[in-house]
Amino acid sequence: MRKHLSTAVAGGAAALALVALAAAPAAAGTADSQFDVVFPGSKPQTTYYVQNTATLSGSLTGKSVMSWQIIDDQVVDNSKRFTSFKITTRIEERLSKTSEDHVYTSKTCDLTKLVNDNYSWFQIEPANTCVAPSAVYDGELWWSTDATIVYDIEGDGKGAITQELLGSPLIHG
């Protein structure tokens, strides 16, 4: 009898754990952005792509994945393209669907060397992924992941340029 009772208790505990895991919210939202950069001289024009993703699985994580490709395959000038290329990924919260965003966590990643050393990049690796510190999820708030890129083109004399990107869809509930 004791053997059957302990087996039943263990089986019931395992079933409750599975129900608790299944009940935990799991959601994700992704937004894609792209922009072109025209360089001075004979450096190849390039399109940059960013995918901002907010993922909820217990806590909320936010990441931005960068990729890029040259528009014309003919590379005449392969000198340095950027003096600086940084992306800041943010996890943002709001009190309502239409209220103002507030930054919960953020991280700035310096991709200058990577974008200068590679004309094209379509791999998803830590080198081209910027991940903000996770947030403690509160289902009463509305959450998203957003990002901004600030870059300075070598030799154009214009200084830093800020590129705002599309934020992920809101996660709530």
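## An exposed glutamate

Glu100 has 60% relative accessibility, over the 50% cut-off, so this residue counts as exposed. The model is predicted. Glu100 sits in the loop that links β4 to β5 (102–110). Setting aside residues up to four places away in sequence, Glu100 touches Glu93 and Arg94.

## The largest nonpolar core

In soluble globular proteins, nonpolar side chains tend to be buried together. Here, the largest nonpolar core holds 21 residues. Tyr48, Met66, Phe82, Phe85, Ile87 and Ile149 touch the most other members. At least two residues of this core come from each of β1 (26–37), β2 (46–57), β3 (59–70), β4 (82–94), α2 (112–117) and β7. The top contributor is β7, which gives 4 residues.

A second core of 10 residues is separate. Its members include Ala54, Leu60, Leu141 and Trp143.

## Around Tyr48

Residues up to four places away in sequence are again not counted. Tyr48 then touches Ser33, Gln34, Phe35, Val37 and Phe39, among others. Its contacts also include Met66, Ser67 and Trp68, as well as Phe82, Phe85 and Val115. Of these, Met66, Phe82 and Phe85 are listed with Tyr48 among the core residues that touch the most other members.

Strands β7 (residues 142–153) and β8 (residues 160–164) run antiparallel. They are joined by 5 bridges. One pairs Asp152 with Ala160 in β8. The hairpin has 6 residues between the strands. Gly155, in this hairpin, takes a positive phi near 80°.

Methods. Residues numbered from 1 in each chain as written. Predicted model: local features only at pLDDT ≥ 70, side-chain atom pairs only at ≥ 80, totals over all residues. Heavy atoms only, no water. Pairing = 2+ DSSP bridges. Core = buried A, V, L, I, M, F, W, Y, C linked by side-chain atoms within 4.5 Å. Buried < 20%, exposed > 50% of the residue type's maximum accessible area, 1.4 Å probe, protein only. Contact = heavy atoms within 4.5 Å.
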